Amino acid sequence: MRTTAAIDLEGVTKTFGSLKAVDALDLTIPRGALYGFIGPNGAGKTTAIRMIMSILLPDLGRLSVLGHASALEAKDRIGYLPEERGLYRKMKVAPYLTFVARLKGVPERGLRERVHSAIERVGLKGVESKRCEELSKGMSQKIQILAALIHEPDLLILDEPFSGLDPVSTRLLKDMILAEHRRGATVLFSTHVMPQAEELCDHVVMIHRGRKVLDDPVNAILRPQDACALTFDPLEPHADVSRVRALPEVASCAAVGGGYEVALRDGADPARAIQSVVAALPVARIELKRPTLEDVFVGIAAGDAAVSPPEQRRAAGAAA
Amino acid sequence: MSKVLRIAAREFAATVFTKGFVVGLLIVPVVGGLVAIIGPRLVDDRAPAVEGEIAIVDRTDAVLPRVRDAMAARSSPAAVTELVERARAGGAADALVEMLGATTELTLIERSSSADVEQEKRWLTEGDSTPRRLALAVVHENAVESASGELGSYDLYVPSRQDARTEVIVHSLLREAILDARAAARGLDRAELSRVLTVPRVRSVSVGDGGESDTVFGLNMIVPMVFMGLLMMGVMFAGQGMLTTTVEEKSNRVVEVLLSAVSPMQLMGGKLLGHMAVAFLAMGLYLGLGLAVLAAFSLFGLLDLKLILYLVIFFLIALFTLGSLMMAAGSAVNDMREAQALQAPLIMLMILPIILWMPILREPNGTLAYVVSFVPPVNTFGMLLRLGSSSPPPAWEVWLSIAIGVAGVFGAVWVAAKVFRIGILMFGRPPDLRTLVRWLRAA
C-alpha cells in the first residue's frame, strides 16, 4: 500500500494477550497536515503511534508512512518524541543531540552549528557541555523535543508532547510545532489537553478502546450550527424561567452561575430557539453555546464507543 | 558510517572513556602483581609459630631419644644454616617442611613406653591448658624392627580444630627419628644412606626444529589456563556490558528514541559490535602484556601463535552466543535487580570452564574433554583448553567445534532477537519462562 498521504492505515489491529489495543484502525493523514490524536488513557494512542513508527508490528492490516510500507524505510525523515522520554544520563547535551542527528542521517557538514543553534533556540545556551543527568526536568524535555526535530523531519510524531511542561515551555513548544507545520512538515501529536488540540490542530482523530470514534476537521466538529445548547442571563435577576422551560424547543433549563443554560431538544433549530427564549423572557445576554473539543471528548469517553461519530457528537452536545 | 557502526561507536566510547573501565582494566594486573609480590611476604611474616606440647609414647624405646635430639638440634643456628644450604641445593620442598619444624616452639612430653593410650588421649582434651596440648604420637612396637619383616609406623591423635601444620611437623620429626632408628638397628650409616637415596630433580630440555631450550615447568598447564582466562574475561567483560547498557537504556526510556532511528536488530547489532571492540581492547592489552613478558624472558618461542588465532575465533563465537543472550535478558527486565535472576544461568555457563579446567587438562582427549568440545556455548572454552594442552586435538575436531559454535551463534541470536524485539518495549512484571516462549512464538 503506497499512497501520497503522509500516513495511511488500513484495518490496523494490535492485540496484547486478550486485550485488543488497536482495533481495525483506518486513518489517512495528508502531507502537510496538523493532526491531533486524542483519546482517554489506555485508548490505544501510543500503540497506534508505535505501529506507525514500526516499533511494534501490527497483527493485521496495512500501513504506509511517507509512501513506504514501513517507517523503517523512512526513519530518517521522521521525528519522534515518545511518551516515555529519556536521555543518556551520562552523555553531555551537545554530543547527545549530535549522536541522534547522525543516527537520523544529518550530514556532518554544519552539524555542530545546527546542534548549537537548536539549543539556543529553546533558550538553553550554555548547557551544551552539561551531562544530561544535570538538567532539570523542563530542560530535559526541551532537549528531548530537540532530538525529535534536529534533522528537520518531513513527518513529526509527538506522543503527549505537552505533559510536564510549564506554561512558558508549553507556549514555546506550540510555537515550535506551528513552525514545523509552516515549514511543510506533517505533524501528528497525541494529547489529553483538549484546548491545545483545539488551538493547534486542523484535524482531530479520537480513538477509544482501540477503535476510531472521531476523524474530522476541528472546525467541522465545533460548527456553531451543531450547537445543542444556549446560555442566557435574564434582565431581571429573579425572573421566572418556567416560560422558557415550557418552550417546545427546550429539553431542560438549569441555573449556571449567574445565568441559565438551556439544552435543546434533538432537531431543534438554534436560531428559532433564540427567538423563542427572547420572546418568552427579557434577557440581558443570550448566545449559542458552542461545543468544545473537551465536550466532545468527555461525551465520547463517557458514552458507548460503539456509537457512530455523529451520534456521539449529538450526545456530547446534549451532555454539555 | 552505518547506523550499526554509530551505535557501536557510542557504546565503545561510553564504556571505554570512563574511570570505571580504566580502573577495571588496570585492577586485574595490579592485584595480580600485588598478590605475587606481597602475598608470600605476608604469609612468611605473619604466620604465627606453632606453640605447644607434643606427647610421645614410644613402644620401641629407640625413637624418642632421637626426637629429643632432633628438637634440640633444630633450634640451633647451625641447623638453620644447613636447611638454607639444602634449599639452595634443590631440596626446597623438604627444607620447607623442616623449616616449618624449626620455626615452632614445641615442648616434648616424654611418656613411658608402656603408658596407657586411652589415658593419654584424655590428656589431650583436659581443660584449657597452657601451653596448648597439640598432639599425642604412639610409635608402634614394630616401627623399627619386626620379626615378621613388616615394619610398623605410629598413631597420631590431635584435639579438634587443630592447626594442620602440627601434623606436618610431627610427621617430619617422627619420620626422621624412625628412619634413624631403623638405620642404626641395622648398622647402616644414615648420612650415607641419604646420599645414596637422593636423586636431584632436573629441568628438562625441549628439543624442536628451532633448536633446544629449557622447558618451563608447568607451561603446558599455564598456557591453556591463560588463554581460557582471556576468553572468559573477554566474554564476561562484553556480556556484562551489553546487559547493563540494555537495562540502563530501557530504564532510562531512551530506547524508544533509539528505536525511532534504528531497528531493534540494528540496535542489537551495534551493541554487540561496540562491546566486542571493548573486549578486544581489554584482551589485546592483557595478551600484549603477556607476550611482552614472554619476550622479556626469551620464552616467546614456547608459545604456539596459532593459539591467538583460535582465541579470536572462539572469542567471537562465545561473545555472539552469550552476549546476545545477555542482551535479551537485559531487554526483558526493568532494572539490574531483576536482571540478576535471568543472567544467573548465563553466568553459570561462563564460569563452567573454571570447574572443567583441571579434568580437561589432565585428559585433553578424554570423554569429558571430547563432549565439552562440541556442546555450545562451552565448546569454545573446552576446545581452547585442549588446543593449549600438551596433546592438542586433530584439526577436524577443531573445525567441527567451530562449525557447531557458529550454528550455536545463529540459534542464540535468533532467540535473543525475538526476545529483544518484544522485551525492549515491555515494562512491568519481568517475564517467566512461559512468557518468554510466547514471545518467541509471537515475534
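A residue counts as buried if 20 or more other C-beta atoms lie within 10 Å of its own, as exposed if 12 or fewer do, and as partly exposed in between, with C-beta atoms placed from the backbone. Helices (H or I, at least four residues) and strands (E, at least two) are DSSP runs, numbered from the N terminus. This is a predicted model, in which local features need pLDDT of at least 70 and side-chain atom pairs count only at pLDDT 80 or more, while totals for chains, interfaces and linings use all residues. Residues are numbered from 1 along each chain as its sequence is written, and chains are lettered from A and ligands numbered from 1 in the order in which they are written.

Begin with helix H12 of chain B, residues 306-332. Of the 27 residues of H12(B), 21 are buried, so the helix is mostly covered by the definition above.

One partner of H12(B) is helix H15 of chain B, residues 379-388. Two packed helices are described by the angle between their axes and the distance between the axes. Here the axes come within 10 Å and cross at roughly 170°. Axes are lines fitted to C-alpha atoms, for helices over the stretch in contact, and angles run from 0 to 180 degrees between N-to-C directions. Angles under 35 degrees count as roughly parallel, over 145 as roughly antiparallel, 65 to 115 as roughly perpendicular and the rest as oblique. H12(B) is therefore roughly antiparallel to H15(B). Two residues are in contact if their C-beta atoms, placed from the backbone, lie within 7 Å. H12(B) contributes B:Leu307, B:Tyr310, B:Leu311, B:Phe314, B:Ile317 and B:Ala318, and H15(B) contributes B:Thr380, B:Met383, B:Leu384, B:Leu387 and B:Gly388. By class, these are nine nonpolar, two polar and no charged residues. Ala, Val, Leu, Ile, Met, Phe, Trp, Tyr, Cys and Pro count as nonpolar, Asp, Glu, Lys and Arg as charged, and the others, Gly among them, as polar.

Now turn to the boundary between the chains. There, 15 residues of chain B are in contact with 20 residues of chain A. Helix H1 (3-16) and helix H10 (255-259) of chain B each supply at least two residues of the chain B side. The largest share, four residues, comes from H1(B). The chain B side has seven nonpolar, three polar and five charged residues.

Chain A has 320 residues, of which 43% are buried. Its secondary structure comes to eleven helices and 13 strands. Among contacts in chain A with a separation of 6 or more, 69% join residues 24 or more positions apart.

Chain A has a helix pair of its own. The axes of H4(A) (residues 137-149) and H5(A) (residues 167-183) come within 12 Å and cross at roughly 5°. H4(A) and H5(A) are therefore roughly parallel. A:Gly138, A:Gln141, A:Lys142, A:Ile145 and A:Leu149 of H4(A) meet A:Ser169, A:Leu173, A:Met176 and A:Glu180 of H5(A). This contact has four nonpolar, three polar and two charged residues.

Next come the strands. Two strands pair if DSSP finds at least two bridges between them. One open sheet of chain A has three strands in the order S2-S1-S4, with antiparallel pairing. S2(A) (19-29) and S4(A) (60-65) stand at the edges with a single partner strand each, so one side of each has no neighbour in the sheet. The twist averages 20° from one strand to the next. Five bridges join S1(A) (residues 7-16) to S4(A), and A:Thr13 stands opposite A:Leu60. Helix H1 of chain A (residues 45-52) lies across S1, S2 and S4, at about 60° to S2(A).

A:Gly44 is in the loop between S3(A) (34-38) and H1(A). Why does A:Gly44 count as buried? Because 23 other C-beta atoms lie within 10 Å. Beyond its neighbours within four places in sequence, A:Gly44 is in contact with A:Ala21, A:Val22, A:Gly39, A:Ile207 and A:Gly210.

Last, look at S12(A), residues 259-264. S10(A) (residues 229-234) joins S12(A) by four bridges, antiparallel, with A:Phe232 opposite A:Tyr260. S11(A) (residues 250-256) joins S12(A) by six bridges, also antiparallel.
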